[in-house]
Amino acid sequence: MTMFLTITAIILIFIVIFQISKANEYIAIIKGEEKTRKQGNKINAYLMLGFMIIGLVGVWYCNKLLYSKTLLGVPSASDHGEKVDQMLWVTIWITGFVFIVTQVLLFWFAFKYREQEGKKVFFFPHSSKLEIIWTSVPAIVLAILIVIGLKNWYIITGDAPKNSLEVEVVGKQFNWIFRYKGNDDVFGRKYYKVIDEATNPLGLVWKDNEKLGLKDDEKAHDDIVLQQTMYVVKGRPVKLIIGSRDVIHDVGLPHFRMKMDAVPGIPTTMWFTPKYTTKEMKEITKNPDFIYELACDQMCGNGHYSMKGIIEVVTQQEFDAWMAEKKPAYLTAFPDKNVKTETTTTAIADNKAIAEKQ
Amino acid sequence: MSNDTTLHASTDAAHNIHGEHHEHHHETFITKYIFSQDHKTISKQFLITGMVWAVIGGLMSVLFRLQLGFPDESFPWLEDLLGKWWAAGGHITAQGYYALVTIHGTVLIFFVLTAGLSGTFANLLIPLQIGARDMASPLLNMLSYWFFFIAGVIMLSSIFVETGPFSGGWTAYPPLSALGDASPGSKTGMDLWIISMALFVVSSLLSGLNYIATVLNMRTKGMSMTRLPLTIWSLFFTAIVGVLSFPVLLSGFILLIFDRNFGTSFYLSDIFLSATGTALPNEGGSAILFQHLFWFLGHPEVYIIVLPAMGIVSEILSIHSRKPIFGYIAMIGSLFAITVLSFIVWAHHMFVTGLNPFLGSLFTLFTLLIALPSAIKVFNWLTTLWRGSIRFTPSMLFAIGFVSVFISGGLTGLWLGNSALDIHLHDTYFNIAHFHLVMGVASIFAMFAGVYHWFPKMYGRRMNITLGYIHFWISIIGAYLIFWPMHYEGLAGMPRRYYDYSIWESFKQFSELNRFISIVVFITFSAQILFIINFFYSIWNGRKETSLNPYGATTLEWTTPIHPGHGNWVGEIPEVHRWAYDYSKDGNDFIPQTTPIGADEKNEH
């Protein structure tokens with residue numbers, strides 16, 4: 001019923017607007033078209049001016065309302081992010097200045113040079129001087145932006161320090177899998193054809209397989225495989241080796257200002273140094289529920305919006321304690337090799353249940 | 001090839017018109033309105049088909065904004081209207097949402113802003129403004145429209161497929177678009193999507209080649225390239241961009257068809273699908289290859305959309321300021337610069353794909369360089385307004401609106417084009433705000449401006465001016481209210497293409513804002529319906545145009561009769577003696593291009 005009423009109301013409004021507009025045409029004929037046209041011209045000229053003023057106030061008001069909801073006021077959680085933030089502010093000031101100047105000129109000219117009796121138009125087809133000015137000034141400003149940008153770009157995409165903590169991040173529809181190197185400090189071999197959803201989600205090579213030409217890789221035996229949550233250490237560079245099991249995903253870390261695609265068949269990397277632990281960030285943002293979220297930023301299917309991971313930034317001490325509890329995935333898959341495997345098994349089972357729900 | 005031979009060749013084939021005696025000859029409904037070879041009729045066909053698609057694409061955005069603005073509310077009528085697949089229980093479903101987002105993007109970019117914009121104005125204006133009786137090949141021109149039409153029918157049919165239309169985003173990145181098991185939309189829906197797009201590419205190529213040939217060969221006597229109106233220059237460059245880039249897109253699609261249907265591995269490697277629990281045999285392909293092929297069109301496509309808009313706006317700003325366009329040669333130069341640069345910036349869409357950092361830095365450099373010609377254009381438009389005598393027709397309002405949103409959206413290009421900053425903002429709402437303003441809203445504004453401006457030439461009647469004013473003010477206010485706050489969502493890192501943000505601690509604070517934006521979307525969309533009503537009402541019932549040259553414009557289209565027949569001019573084709581922008585020169589309000597240069601007049605073009 002409300003639906004019906006709303007539609008009726010909308011149609012009525014349309015009819016009213018339409019009739020008024022139509023009537024205006026007849027009024028124009030009666031009053032004299034030239035006169036009506038000039039009136040309309042004046043009204044629109046003033047509307048232009050009004051739009052500019054209200055628009056600029058609106059820009060300020062929008063900023064006031066929304067600033068605190070963005071990351072503009074939240075310090076970057078990584079060192080690379082700080083460079084991004086610096087750049088962001090330089091760019092905001094430059095583009096903001098140009099925005100205000102050009103918009104004000106546009107609407108002011110529109111208002112000021114509206115058609116008026118007795119005003120003469122200035123025949124002004126070109127001026128080389130002016131054109132050189134507004135080619136070269138933007139060129140210089142752009143050069144500044146490019147230099148800052150490329151400097152940061154090379155730092156961010158450069159090689160990670162030797163002491164980095166390396167973690168493998170693998171996306172799949174619709175969650176994240178993480179792998180740590182284990183005691184030997186080497187990632188063992190993996191091959192996607194031996195993936196077993198329940199016990200071996202990354203396809204670590206644990207067995208000889210003649211058909212696929214695989215040899216059991218000892219180094220894969222101590223690799224630790226986790227889902228949903230990744231731990232990293234405050235102050236220690238972390239290098240993510242990113243891959244995907246099915247379609248293209250993207251490791252999006254808004255608080256660290258970092259992002260990198262996860263492409264099946266082509267590993268990518270990203271590194272940064274976390275600056276604040278999750279606990280510290282809860283205080284900085286004054287949000288007790290704060291968590292570092294890992295958001296998928298590349299359309300990956302109908303569950304894309306729910307593809308969430310969590311990053312816990314902790315101190316080295318906490319990290320070591322946490323790591324000590326973790327058991328290699330190999331032992332989980334083959335319980336007879338070792339008895340103490342409860343934690344990881346349940347973790348994987350839990351996550352599988354979540355994945356199925358999604 | 002001269003104008004007359006072309007016309008005769010085509011008309012002999014169609015057996016309908018004979019030179020200038022067409023008014024005595026009977027044309028059937030089918031040859032006049034359906035399989036017409038008259039560029040003016042084809043232009044109207046493109047426009048009206050584009051409008052139908054604009055309404056469909058716009059309605060889709062209304063539906064997905066309903067989900068984004070009101071994720072917790074249920075609207076039972078939605079299920080009655082759309083069925084369970086789209087809106088089970090009155091909620092837009094996730095699969096429905098992604099299908100809507102995907103088709104909205106595809107349809108608006110290709111069907112509305114490419115075919116609808118270029119197709120309409122290139123067909124209408126190229127022959128009329130260069131002084132030709134028709135296109136170089138009226139037959140190809142007609143085929144171009146019908147290929148577009150069939151592409152549209154196939155795209156539309158994909159909406160009714162059981163597994164739904166394609167739903168992997170308009171960019172159609174494989175492996176998602178290649179594997180039906182990864183997403184139901186990648187099954188039959190994707191087959192139809194690719195076929196439709198392939199036919200669309202054919203349509204674009206046919207028309208593009210035709211536009212280029214016409215502009216180069218069929219200009220009337222005296223119409224040198226530097227006397228062409230900027231509309232023609234922009235449409236000419238647009239056609240060149242399209243002809244050079246669309247084939248690359250098609251090649252990408254063909255490889256995708258092979259991967260989908262014939263077991264090849266161009267884009268596929270190392271894939272294990274959770275949905276079926278199977279590992280695929282494909283190895284060695286590169287999913288990134290598709291992105292290079294796609295964006296080699298995809299980025300120039302942005303200029304295919306915005307260049308004609310720039311041309312239309314330049315023309316309208318000049319006419320209604322009663323001033324010559326400022327820096328005509330610089331305007332052509334900047335169009336040319338944009339055309340060239342458009343081919344070497346595509347990978348700025350791929351900064352976070354693991355691109356080689358050195359390549360990335362080159363693409364950053366070229367991308368930011370585009371700001372230069374864009375800045376020149378903006379400053380030239382501003383100077384065109386300066387000390388003019390502005391007449392605010394609805395077309396002029398939309399042209400000024402174009403400049404405003406083009407500035408707003410263009411400046412954020414400096415953020416996103418800078419690779420290091422793009423890492424943070426890539427694929428967030430900041431990006432949505434950027435491209436909707438700079439290419440979506442800007443180009444549709446230019447399209448409105450063009451329709452209001454040339455409506456009298458198309459239909460011999462005028463559109464209602466008051467409705468035009470209302471349409472403009474609601475549209476520009478709406479556009480800013482919708483897209484301005486999205487910059488802030490992007491600055492919070494909020495990813496695009498999410499169905500629901502409520503499970504995200506980092507993004508759920510925007511639920512109120514999303515509701516606000518959705519409400520503005522509904523109102524702004526309604527204002528577009530006003531335009532549609534105005535348009536169709538005015539075709540039959542608008543005030544009759546009585547003046548040959550209602551705006552006091554210099555260009556050739558206003559030297560034709562109010563209802564020009566096929567062939568455009570009765571008698572001789574006019575001869576051109578000057579450039580298109582002699583407004584307010586030497587005390588004359590305007591001097592038509594057909595007026596010979598006076599004895600003591602300075603002539604630069």
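Colleague: In which loop of chain B is N568(B) found?
Modeller: This is a predicted model. N568(B) has a phi near 70°, a positive value in a residue other than glycine. N568(B) is found in the loop between β4 (543–544) and β5 (583–585) of chain B.

Colleague: Is N568(B) buried or exposed?
Modeller: A residue is buried if 20 or more other C-beta atoms lie within 10 Å of its own. N568(B) has 24 other C-beta atoms within 10 Å, so N568(B) is buried.

Colleague: Does R257(A) count as buried or exposed?
Modeller: R257(A) sits in the loop between β6 (249–253) and β7 (258–262) of chain A, and its phi is near 60°, a positive value in a residue other than glycine. There are 26 C-beta neighbours inside 10 Å, so R257(A) counts as buried.

Colleague: Are α17(B) and α18(B) roughly parallel or roughly antiparallel?
Modeller: Helix α17 (residues 429–459) and helix α18 (residues 465–491) of chain B pack with their axes 8 Å apart, at an angle of about 170°. Angles over 145 degrees count as roughly antiparallel. The two helices, α17(B) and α18(B), are therefore roughly antiparallel.

Colleague: How is α6(B) oriented relative to α8(B), roughly parallel or roughly antiparallel?
Modeller: The axes of α6(B) and helix α8 (residues 188–217) of chain B are 11 Å apart, and the helices pack at an angle of about 20°. Angles under 35 degrees count as roughly parallel. That angle makes α6(B) and α8(B) roughly parallel.

Colleague: What distance separates the centres of domain 1 and domain 2 of chain A?
Modeller: Chain A is divided into domain 1 (33–114 + 127–157) and domain 2 (165–357). Taken over C-alpha atoms, the centres of domain 1 and domain 2 of chain A are separated by 42 Å.

Colleague: Which loop of chain A holds F174(A)?
Modeller: The peptide bond from Q173(A) to F174(A) is cis, with omega near -5°. F174(A) lies in the loop between β1 (165–172) and β2 (175–180) of chain A.

Terms used:
Residues numbered from 1 in each chain as written. Chains lettered and ligands numbered in written order. Predicted model: local features only at pLDDT ≥ 70, side-chain atom pairs only at ≥ 80, totals over all residues. Axes fitted to C-alpha atoms, helices over the stretch in contact; angles between N-to-C directions. Helix = DSSP H or I, 4+ residues; strand = E, 2+ residues; numbered from the N terminus. Parallel < 35°, antiparallel > 145°, perpendicular 65-115°, else oblique. Domains from an automatic or database assignment. Buried ≥ 20, exposed ≤ 12 C-beta atoms within 10 Å, placed from the backbone.
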